[in-house]
Amino acid sequence: MLQNKHTVFDCAIIDLHKIHNDAGNITVVENGFNAPFGVKRIYYLYDVPGGEERGGHAHYQLEQLIIAASGSFDVVLDDGTNKKKVSLNRPNMALHIVPGLWREIVNFSSGSICLVLASHRYDEKDYIRTYDKFLKYRT
């Protein structure tokens, strides 16, 4: 049974703020400040071949902040009823993804880096790996 009925409309872009300096910009992510959850794991996707997709799963509990640290890509969110595409292309903007949503990351530009901050450590039991199982979970 679904403990929370999050929809794609519960996901939002968070402006992480850019601190400008003539020597280069910096953006800071801090627990309890601009991260809406305590960050327990950080990973990044890179060297994604043209036309390839990442994601293709949902999580029971995990929340994520997804950032285009370099380049651009699209995140397609799906709650079983609604779909929402979010384009990311600025390293100071993060997409907050709530639990219980299917996500696919597509349209990677050449040289892009997808930075992911996660609310939990890796746990295979938290993943919903097939779309059919996801749809059953959502009903």
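**Contacts, strand pairing and nonpolar cores in a predicted model**

Gly38 touches Asn31, Ala118 and Ser119 when residues up to four places away in sequence are not counted, a contact being heavy atoms within 4.5 Å. The structure is a predicted model, in which local features need pLDDT of at least 70 and side-chain atom pairs count only at pLDDT 80 or more, while totals for chains, interfaces and linings use all residues. Residues are numbered from 1 along each chain as its sequence is written, and side-chain values use heavy atoms, with hydrogens and water left out.

Gly38 is placed in the loop between β1 (12-15) and β2 (41-46); strands (E, at least two residues) and helices (H or I, at least four) are DSSP runs, numbered from the N terminus. Between Gly38 and Ser119 the C-alpha to C-alpha distance is 5.7 Å, although 81 residues separate them in sequence. Gly38 is partly exposed, at 33% relative accessibility. Here buried means under 20% relative accessible area, exposed over 50% and partly exposed in between, for a 1.4 Å probe and protein chains only.

Strand β5 (residues 73-78) is mostly covered, with five of its six residues buried. Six bridges join β5 to the antiparallel strand β6 (residues 83-88), and Val76 has Lys85 as its bridge partner in β6. Strands are taken to pair if DSSP finds at least two bridges between them. Four residues lie between the strands in the hairpin of β5 and β6, where Gly80 takes a positive phi near 95°. β5 also pairs with strand β8 (residues 102-106), in the antiparallel sense and over five bridges; in β8, Ile105 is the bridge partner of Val75.

The largest nonpolar core has 19 residues, and Ile66, Phe73 and Val75 have the most contacts inside it. Such a core is a set of buried Ala, Val, Leu, Ile, Met, Phe, Trp, Tyr and Cys residues joined through side-chain atoms within 4.5 Å. Two or more residues each are given to this core by β4 (64-70), β5, β6, β7 (93-97) and β9 (113-118), and the largest share, three residues, comes from β5. Among the residues touched by Ile66 are Phe73, Val75, Ile105 and Cys114. A second, separate core of nine residues includes Leu16, Ala35, Phe37 and Leu65.

With a disulfide defined as a pair of cysteine sulfur atoms within 2.5 Å, the count is zero. Cys11 is in no disulfide, the nearest cysteine sulfur being that of Cys114, 14 Å away, which is too far for a bond. Cys11 is buried, with a relative accessible area of 3%, and Cys114 is buried at 0%.
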